Amino acid sequence: DMDINGVDVSICFPSMVWGFAGQRFSTFKDPELGLASLRAYNDWVAEVWAGTYPDRIIPQQVTWFPDPALAAAEVGRCAELGFKAVAFSEDPEKLGYPTLYSDHWDPFLAACEETGTVIDLHIGSSSTHPAVSKFAPADVINATFSTNSICATADWLYSKIPVRFPDIKIVLSECSIGWVPWFIDAIERSHDKEITQAWAGIDLSPADVLRRNFWFTSIYDPSGFALRDRIGIDRILMESDYPHADSTWPDTQAAFGQELHGAGLSEDEIRKVTFENASAVYRHPITR
């Protein structure tokens, strides 16, 4: 299916089976069984899913949420197995765990920074969706789903996680990019006007940190690509969202070609957003 779709390399999530961040392992009634099952899943990813085709699948582990020290140890163990990324929740507070606005997660975050493990925040990994009317059809939730990414980016930025861990890499998955220029405008204005003191004492501006530590993913964002210079062409990755209903499969090549050429991207820019940026952030060289 990847060959049919023109996709050379993919990074994959456990999705609805274990939750986007593997959070369901952490809800087992028997915690020891949950942790053992999580480790078995990560081993299976290393040995079978990615291990069978190491040049085609980038290995991504899932997180043990109840104990950040154990989560950190698993990051270290998986890094030795060749994992390049870890799926985490965009808002662990909504899963019943401590807030990002604390030092609770620091052991896990330090392990990610030390090993170069990318933190992937898939929207919906908090097991929640945007607050809309209970009578709203699924179309409304789909249309507003990226608001989760706006809130997540604000929390991860203003919790000062990338300030305390300046080499950390945060990728928002299935987030869209059209909102990013507006978000940059908002945080720059707040910072310039000194509306609050939330960023006092930090040399870099919030927008500087955003552009240093965050990456954003796109399936279909013609308006966002028109403002790609505002986002930063090095911060954008493409995804096909296979095998979900809104996937561009099996026509990803044609869909991306039409969108990116239509937005006026140069060939160098197209190379960056379609594979070079992803290859760099996930430390996965393209060999084919």
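A: On a 1 Å grid over the protein atoms alone, a cavity is a set of points where a 1.4 Å probe fits but cannot get out, and its lining residues have an atom within 4 Å of a point. Points are joined across faces, edges and corners, and a volume is the space filled by probe spheres set on them. This is a predicted model, where local features need pLDDT of at least 70, side-chain atom pairs count only at pLDDT 80 or more, and totals for chains, interfaces and linings use all residues. Residues are numbered from 1 along each chain as its sequence is written, and side-chain values use heavy atoms, leaving out hydrogens and water.

Q: OK, how many cavities of 30 Å³ or more are there?
A: One cavity. The largest cavity holds about 50 Å³ of space.

Q: Which residues line the largest cavity?
A: Cys12, Tyr41, Val45, Trp49, Ile57, Ile58, Pro59 and Gln60. Helix 3 (31–49) and strand 2 (57–58) each give two or more of them, and helix 3 has the largest share, with three residues. Helices (H or I, at least four residues) and strands (E, at least two) are DSSP runs, numbered from the N terminus.

Q: How does that lining divide into nonpolar, polar and charged?
A: Seven are nonpolar, one is polar and none is charged. Ala, Val, Leu, Ile, Met, Phe, Trp, Tyr, Cys and Pro count as nonpolar, Asp, Glu, Lys and Arg as charged, and the others, Gly among them, as polar.

Q: New topic: where is alanine 40 found?
A: In helix 3.

Q: And why is alanine 40 called partly exposed?
A: Because its relative accessible area is 43%, and partly exposed sits between buried (under 20%) and exposed (over 50%), using a 1.4 Å probe and protein chains only.

Definitions and conventions:
1 Å grid on protein atoms, 1.4 Å probe; cavity = no way out; pocket = protein on both sides within 12 Å on 5 of 7 lines; lining within 4 Å.
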